[in-house]
Amino acid sequence: MNDDYLWDGSGEPDPEIQKLENRLAKFRHQGEAPEFPRISAARQPRSWRRLVSSNWSFGLAAATATVLFMAAFGILWWSQKPSTNSEPGWDVESVAGTPKVESSAFGGNAGATKLGIGQTLVTDSHSKANISVADIGTVSVETNTRLRLVAGGHGHNRLALDRGTIHAYIWALPGEFTVDTPSAIAVDLGCSYTLEVDDSGAGLLRTKLGWVGFKLDGHEAFIPAGAVCATRPKVGPGTPYFDDASASFRAALSKFDFGASTPEERSAELSRILAESRQRDALTVWHLLARVDESERGSVYDRLATLLPPPSGVSRDGILRLDQKMLDLWWNQLGLGDASLWRTWERSWSEAKS
Amino acid sequence: MTDAPAPRPADDSSLVLAARQGDRAAFGGLYARYARMVHGILLARVPASDVDDLVQDVFLRALPRLRDLRDVARFGPWIAAITRNRANDYYRQTRAVAAVTESLPEDEAELPASNTAPDAEAAAILTFVRSLPETYRETLILRLVEGMTGPEIAVRTGLTPGSVRVNLHRGMQQLREKLNQAALASGLVADSSSGRNAAAQGKNSLRRRNEP
């Protein structure tokens with residue numbers, strides 16, 4: 001039996017799917033549309049034809065014309081008046097203490113301000129803040145954090161986190177919100193995550209929902225919900241892992257990414273990682289394919305093939321030569337998200353830089 | 001299975017533009033078209049008892065933001081993103097930022113009050129669907145619960161048809177495995193007690209999955 005019935009209800013009905021449909025139909029949406037409030041909209045211009053054809057007296061019409069003229073003038077003046085709401089930048093409110101935007105402290109009675117493009121927000125050991133990221137999400141800023149708004153609006157919203165901790169909840173389209181850190185760029189792909197940067201510039205990204213891309217030059221990592229990825233200055237993102245991985249697996253991975261000083265040490269840590277990997281750790285092993293020497297790639301391939309058999313269209317030879325299409329096909333097999341999202345963002349990123 | 005044709009982007013655009021001008025009927029049209037998708041996305045993440053209220057909340061949140069929608073033809077992906085975020089907020093508000101399955105109390109599956117065999121069985125199946133990876137469970141709920149076709153899911157969520165088809169295929173494969181493991185697949189359960197047992201198995205399966 002093929003998948004046509006599952007796909008669009010055509011073809012030979014699958015009795016098992018029909019049974020599931022029947023059982024689950026009780027949960028189907030059945031609500032009536034609520035009474036929606038009217039959106040305040042610009043008043044439509046009234047037609048002159050209707051005005052002329054009305055039975056109003058000339059005097060009333062003249063008075064109306066005067067009022068309309070004054071109203072139009074008023075609207076024109078008002079529309080050209082600078083508005084505080086239209087100022088570029090994001091709204092920031094103090095959650096605790098008195099954070100600062102540039103040198104201006106806010107909090108208490110003056111608990112909110114704007115973070116303009118190029119401006120820096122600093123929290124000390126007693127202060128915290130919340131940022132409304134345009135209309136696409138919020139960023140909670142923890143204590144002892146320093147960040148800067150690099151760009152905002154038009155699908156390009158960018159922060160630079162110099163140090164400290166932020167929690168981002170973003171509902172924009174993938175790739176519209178990025179955070180620069182001293183050692184990698186975090187790219188939101190539809191998610192909620194926490195990003196920490198210490199004084200040395202090393203970072204840690206923990207995804208709670210959805211997934212995040214982490215990138216520096218050609219080094220990249222995909223971090224789905226429940227996974228963690230460390231990053232170091234001049235090295236970039238390490239290999240992501242699920243935070244329920246064993247302690248020895250995580251220790252070996254940390255040494256492999258940032259601690260091993262000789263190829264032999266690195267090779268020994270790789271063996272330990274592969275030996276300790278569970279099925280769920282296919283996430284990590286997939287990333288290792290592009291991070292190991294060519295001579296070691298075969299063993300990584302073999303381990304990944306055991307944890308998650310390669311899908312149709314993926315060959316050992318192709319993976320050993322790091323065929324991008326095959327790597328993406330195998331990634332999609334993990335069921336953690338579609339690699340095309342990330343590739344689309346990469347293309348637009350490259351075009352924006354060129 | 002629905003007979004409703006998948007919407008054309010142009011149709012959404014005109015409804016969005018009219019709704020922006022204050023046309024409540026146009027927004028009602030968008031609601032009629034997308035309520036099932038919003039419902040399904042929420043059902044994949046939050047307890048079923050709260051989903052209906054959240055559906056209305058999502059649309060009420062979206063209404064004043066319509067002017068911020070840059071590409072009016074992409075209303076579907078836009079409100080899908082708002083919906084996922086609303087589900088996130090649900091857990092933030094209840095101090096349990098986690099997968100929906102993790103937050104279900106020990107004794108609270110989706111068992112309805114009637115506790116009849118079909119109801120208990122439906123609750124058990126839903127629990128199994130919601131134990132699947134996020135990508136699969138959302139697509140599968142839109143297909144099996146909301147009755148949307150694959151092409152319709154693709155048009156409304158903004159996913160590629162290929163991705164939807166893959167998600168349906170793999171999600172169904174995993175669901176079958178889980179149902180088989182729970183001895184639900186063949187004939188499903190026949191009495192309410194076994195239905196409740198199945199629900200319990202579903203919850204245990206989730207618990208195992210979430211244990212470190």
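Is A:Asp188 buried or exposed, and what is its relative accessible area? This is a predicted model, in which local features need pLDDT of at least 70, side-chain atom pairs count only at pLDDT 80 or more, and totals for chains, interfaces and linings use all residues. Residues are numbered from 1 along each chain as its sequence is written, chains are lettered from A and ligands numbered from 1 in the order in which they are written, and side-chain values use heavy atoms, leaving out hydrogens and water.

Back to A:Asp188: its relative accessible area is 0%, so it is buried (under 20%; exposed is over 50% and partly exposed in between, with a 1.4 Å probe and protein chains only). A:Asp188 sits in strand E11 of chain A (strands are DSSP runs of at least two residues, helices H or I runs of at least four, numbered from the N terminus). Its C-alpha atom is 8.9 Å from that of A:Phe214, 26 residues apart along the chain.

Now to the loop between strands E10 (177–180) and E11 (185–197) of chain A, where you'll find A:Thr181. A:Thr181 counts as buried because its relative accessibility is 12%. Leaving aside residues up to four places away in sequence, A:Thr181 touches A:Leu161, A:Leu195 and A:Val197 (contact means heavy atoms within 4.5 Å).

Over in chain B, helix H2 (residues 24–43) packs on helix H3 (residues 48–62) at about 140 degrees, with the axes 9 Å apart (axes are lines fitted to C-alpha atoms over the stretch in contact, and angles run from 0 to 180 degrees between N-to-C directions). That angle is why H2(B) is oblique to H3(B) (under 35 degrees is roughly parallel, over 145 roughly antiparallel, 65 to 115 roughly perpendicular, and the rest oblique).
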